[in-house]
Amino acid sequence: MENELKEPALKYNYITAEEYLEIDRSSKGKYELHRGTMITMQGASLNHNRIVSNLIINAGSYLKGKSCSVFPSDLRTKLKTSDSFVYPDITIVCGEPELMDDHFDTLLNPSVIIEVLSPSTEKYDKGFKFMFYVLIPSVKEYIMIDSTKLYAHISRRQNDDSWKFEEIINPASSVSINTIDYSISLDDIYADVKF
């Protein structure tokens with residue numbers, strides 16, 4: 001046959017949730033699992049780390065003694081699909097954290113997720129992660145902060161389960177995190193960040 005394909009079929013190395021958790025928990029690095037494919041987490045830039053620090057310090061101080069807590073990127077989040085796990089840059093949990101198992105390292109009920117966008121992660125954070133974060137019933141807000149310019153994008157779950165979006169680019173503006181009744185100025189988010 002003239003049009004017969006003679007190359008071998010592609011082999012896909014699908015990783016189960018159990019295999020992924022075993023690898024990730026025993027590794028010195030961090031990995032995310034995207035529909036059975038492991039993704040190596042790279043180190044973050046100085047701007048990225050400053051933004052994360054600024055948000056955690058400010059929100060953490062505000063939440064002291066309240067029923068919500070803020071967590072850095074070392075707390076893994078289980079997505080609704082059985083073969084996907086991620087490490088959000090910042091997670092806010094209101095109420096008691098629900099964890100997947102007795103390893104106490106995989107969260108099931110985030111209330112607010114914040115990702116800091118970088119050129120290498122922007123499409124992933126705006127695409128795959130967004131599509132799966134909105135499927136987590138406990139997530140009320142998904143906030144993306146750009147590390148290369150003054151920009152915030154907020155997605156908020158409405159009472160009817162639809163989502164409303166807001167973009168913030170004005171340097172004099174603030175980002176409101178309605179779930180915890182808190183506002184932080186772009187100045188405070190981007191303190192000591194240089195573009």
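Asp24 is buried, at 4% relative accessibility. Its salt-bridge partner is Arg76, with the closest N and O atoms 2.8 Å apart. Arg76 lies in strand β4 (residues 76–78) and Asp24 in helix α1 (residues 17–26), so this pair ties together parts that are 52 residues apart in sequence. Arg76 is buried too, with a relative accessible area of 2%. The model is predicted.

**Salt bridges**

The structure holds 13 salt bridges. Shared partners join some residues into one network: Asp24, Arg25, Arg76, Asp101 and Asp105. Side chains of opposite charge can pair when their charged atoms come close.

| Pair | Closest N and O atoms |
|---|---|
| Arg76 and Asp24 | 2.8 Å |
| Asp74 and Lys30 | 3.4 Å |
| Lys129 and Glu115 | 3.0 Å |

Asp74 sits in the loop between β3 and β4, and Lys30 in the loop between α1 and β1 (31–34), so the pair ties together parts that are 44 residues apart in sequence. Asp74 has 59% relative accessibility, over the 50% cut-off, and therefore counts as exposed. Lys30 is partly exposed, at 24% relative accessibility.

Lys129 pairs with Glu115, the closest N and O atoms being 3.0 Å apart. Lys129 and Glu115 are both buried.

**The disulfide**

A search of the whole structure turns up one disulfide. Its partners are Cys68 and Cys94, with sulfur atoms 2.1 Å apart. Cys68 belongs to strand β3 (residues 68–71) and Cys94 to strand β6 (residues 90–94), so the bond ties together parts that are 26 residues apart in sequence. The torsion about the S-S bond of Cys68 and Cys94 is about 110°, so the disulfide is right-handed.

What is the relative accessibility of Cys68? The value is 9%, so Cys68 counts as buried. Cys94 has 24% relative accessibility and counts as partly exposed. The cut-off for buried is under 20% relative accessible area.

Terms used: Residues numbered from 1 in each chain as written. Predicted model: local features only at pLDDT ≥ 70, side-chain atom pairs only at ≥ 80, totals over all residues. Heavy atoms only, no water. Disulfide = S-S within 2.5 Å. Helix = DSSP H or I, 4+ residues; strand = E, 2+ residues; numbered from the N terminus. Buried < 20%, exposed > 50% of the residue type's maximum accessible area, 1.4 Å probe, protein only. Salt bridge = Lys/Arg side-chain N within 4 Å of Asp/Glu carboxyl O.
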